[in-house]
Amino acid sequence: MDLALAAQMSEAVAEKMLQYRRDTAGWKICREGVSEELGGKGSRRRLRGARVPRSPQAPPLPVVFCTPIPWTRLRGIPMGIVFFFKKKDWACYAHNDFRWYRGEGIVYGTLEEVWDCVKPAVGGLRVKWDENVTGFEIIQSITDTLCVSRTSTPSAAMKLISPRDFVDLVLVKRYEDGTISSNATHVEHPLCPPKPGFVRGFNHPCGCFCEPLPGEPTKTNLVTFFHTDLSGYLPQNVVDSFFPRSMTRFYANLQKAVKQFHE
């Protein structure tokens, strides 16, 4: 892939990710919870516009929200996991019906420890703990922070979703406040045509932000964004339930990975 074109595309994606990060309007909570490591066991319950308790002992299992709640109301919950979706809001994707998913959670671990577990790298830790990643390879290394990658995923939802793979242009950025972001979007690459046994999925601009928490160097705020077309013929209700559940497990498994690999 041409360097100039890749740089232009990736910077545009990174800018869009910053727009996602700064945007607080129009998101609806579709799932939230607290790590079971910090809370007791209990049953899931449905709330209607209620304020989420801030005690880490409070909501023991994920709680589903369907009513609009200001994003800032839920910030600061230790290991809280909050998931939002937005539909048909950005003009450039107004033609499709895919949802944007946003997750935010505080992970116990330094920023570098958390980043080490989520960073896109060959031989990295991600494939060792993320149940939704079975393989990661670099198709083209463009610069130290820019590459074209292929990520493979297993079957899911009782095999209703067959194995997928995604070819993305990925840019890693570091910001002055210490934040590290991964920014990705789908590209086609001649060295990575569709492979047997996989349905080729498509990522619209997506990624994550590992953000430092002022005064708390052993905690990291992780914000994730997914806007994915899984392709194939899938019932919409299967897709709508898969992403929030998958993201919930992502945060829980990430916390365990940070503890396992960086103690």
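## A buried cysteine and its surroundings

Let's start with Cys 147, which has a relative accessible area of 11% and is therefore buried. Keep in mind as you look around that this is a predicted model.

**The chain as a whole**

The chain contains four helices and 12 strands. Of its 263 residues, 52% are buried, so Cys 147, at 11%, belongs to that buried share. Take the contacts in the chain with a separation of 6 or more: 62% of them join residues 24 or more positions apart.

How confident is the predictor? The mean pLDDT of the chain is 78, with 73% of the residues reaching 70 or more. Residues 35-81 are one stretch where pLDDT is below 50, yet the model still gives this stretch 113 contacts beyond near neighbours in sequence. Residues 86-97 also stay under 50, and here the model has 29 contacts beyond four places in sequence.

**Where two helices meet**

Now find helix α2 (residues 111-118) and helix α4 (residues 236-261). Their axes come within 10 Å and cross at roughly 115°, and the crossing is right-handed. Which residues do the touching? On the α2 side they are Glu 113, Val 114, Cys 117 and Val 118, and on the α4 side Phe 250, Leu 254, Ala 257 and Val 258. Sort the residues of this contact by type and you get seven nonpolar, no polar and one charged.

Cys 117, one of the α2 residues in that contact, is buried, because its relative accessibility is 0%. Searching the whole structure turns up zero disulfides.

Helix α4 also holds Asn 253. Is this residue buried or exposed? Its relative accessibility is 18%, and a residue under 20% is called buried, so Asn 253 counts as buried. Leaving out residues up to four places away in sequence, Asn 253 touches Trp 129 and Glu 131.

Arg 99 and Phe 243 are 144 residues apart in sequence, but 9.7 Å apart in space, C-alpha to C-alpha. With a relative accessible area of 22%, Arg 99 is partly exposed.

Most residues other than glycine have a negative phi. With that in mind, have a look at the loop between β5 (146-153) and β6 (164-174), where Met 158 lies. Met 158 isn't a glycine, but its phi is positive, at about 55°. Lys 159 is in the loop between β5 and β6 too, and its phi is near 70°, again positive in a residue other than glycine.

Are these two buried or exposed? Met 158 counts as exposed because its relative accessibility is 84%, and Lys 159 counts as exposed at 68%.

| Residue | Relative accessibility | Class |
|---|---|---|
| Cys 117 | 0% | buried |
| Cys 147 | 11% | buried |
| Asn 253 | 18% | buried |
| Arg 99 | 22% | partly exposed |
| Lys 159 | 68% | exposed |
| Met 158 | 84% | exposed |

Notes. Residues numbered from 1 in each chain as written. Predicted model: local features only at pLDDT ≥ 70, side-chain atom pairs only at ≥ 80, totals over all residues. Heavy atoms only, no water. Axes fitted to C-alpha atoms, helices over the stretch in contact; angles between N-to-C directions. Left-handed = near helix turned anticlockwise from the far one by under 90°. Contact = heavy atoms within 4.5 Å. Nonpolar A, V, L, I, M, F, W, Y, C, P; charged D, E, K, R; others polar. Disulfide = S-S within 2.5 Å. Buried < 20%, exposed > 50% of the residue type's maximum accessible area, 1.4 Å probe, protein only. pLDDT = per-residue confidence, 0-100.
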